[in-house]
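Please look through the structure shown here, and then read the report that follows, which describes the chain and the surroundings of its ligand.

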Amino acid sequence: MSLQIGIVGLPNAGKSTLFNALASQRLSETAVHPFTTIDPHEAVVSVPDRDLTELSKVINPEKTIPATVIFIDIAGLIKGAHQGEGLGNQFLAKIREVDLIAHVVRAFQDPSVVHLSSKHEPGTLEQIIDDIEIVNLELELAGITGKKTVYILNVTEGQVGENRFKEITGKVKDKFNSEIIMLSAKLEEELIDFSPDERSAYLSELKIKETGLSKLIKKAYFMLDLITFYTVKGGKEVHAWSLPNGQTGLAAAGKVHTDFAQNFIKAEVLPVNDLLELGGWKKAKEKGKVRLEGKDYPVRNKDVIEFKVGK
Ligand SMILES: Nc1nc2c(ncn2[C@@H]2O[C@H](COP(=O)(O)OP(=O)(O)O)[C@@H](O)[C@H]2O)c(=O)[nH]1
Ligand SMILES: [Mg+2]
């Protein structure tokens, strides 16, 4: 199962704009299916991963499959939602299923986009806190507590990284004791039609180090304590997988194939960097760099694993 991230927030916070941008970004060039739509509100998105791209260059497989994350645009959170106002329980049920809540908060200024409950200027700390508290109260009243939440400060394009917002991000992080990232949903949307090169050029012009998708996924992996491992299937298929940190070789095998866990004999393992440096699996093996590990081996981030299974 892919990691599921539910996008919530007040109406007009920029949820759908962000969702559409995430769903259509082609970040991993090696991705066969950058995204597939399951439902208009759900999108399977490739996890951007440079090591996977490099690994694929070295192995030159028929197929490269990135790890994926499912984003869900969960509309309908308004004051009174827990009592069935708006879409009511429908979306609350969705929120209960996700691994992580991505809570979009409006910090962009645009007089043409109404802000329903604003007592303060959009983009001020007061309004941002008010908005967050409305949503959090609804979730709490609906009994959704203890879920991990990453806040997304949606700022005006061209204002990403501004000191004033950096200060706000710090304050929100402390007040709500959670993680927060800053991005512009509008800007992410503009990136849709860009080639990877154009995208990098545009981002560096705006002094932005990485796309919102990349920031969000990194944060999600960090918050959920996930690691990445790779399989190469004898050189035929390079595949990236996510796994909770601390899980064993056996758990990793089960992720790849149920039969693999049942018939597990051993795992051949080496760090992806070693494989890249040595220029391939065979060469690494010749040099004695590939280790043999058993069922209980705690998988490390960026391990390349070949499972040896019986029949
Ligand atoms: N200027 C500006 N407008 C935005 C931004 N993000 C969203 N909007 C606009 O705000 C309106 C509501 O956005 P939408 O994504 O539909 O919000 P949702 O109700 O949370 O799904 C749309 O007109 C968007 O174009 C942003 O970063 N900057
Ligand atoms: Mg929407």
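## Burial, fold and ligand shell

Buried residues make up 38% of the 311 residues in the chain, where a residue counts as buried if 20 or more other C-beta atoms, placed from the backbone, lie within 10 Å of its own. This is a predicted model, in which local features need pLDDT of at least 70 and side-chain atom pairs count only at pLDDT 80 or more, while totals for chains, interfaces and linings use all residues. Residues are numbered from 1 along each chain as its sequence is written, and chains are lettered from A and ligands numbered from 1 in the order in which they are written.

The chain holds 12 helices and 13 strands, which are DSSP runs numbered from the N terminus (helices H or I, at least four residues; strands E, at least two).

An automatic or database assignment gives the domain bounds, and the centres of the two parts, taken over C-alpha atoms, are separated by 33 Å.

| Domain | Residues |
|---|---|
| domain 1 | 3–47 + 68–223 |
| domain 2 | 226–309 |

Around ligand 1 there are 17 residues, of which Gly14, Lys15, Ser16, Thr17 and Lys186 come nearest; a residue is near if its C-beta atom, placed from the backbone, lies within 6 Å of the molecule. Helix H1 (15–24) and helix H6 (185–190) each supply at least two residues of this shell, and H1 gives the most, with three residues.

Methods
Buried ≥ 20, exposed ≤ 12 C-beta atoms within 10 Å, placed from the backbone.
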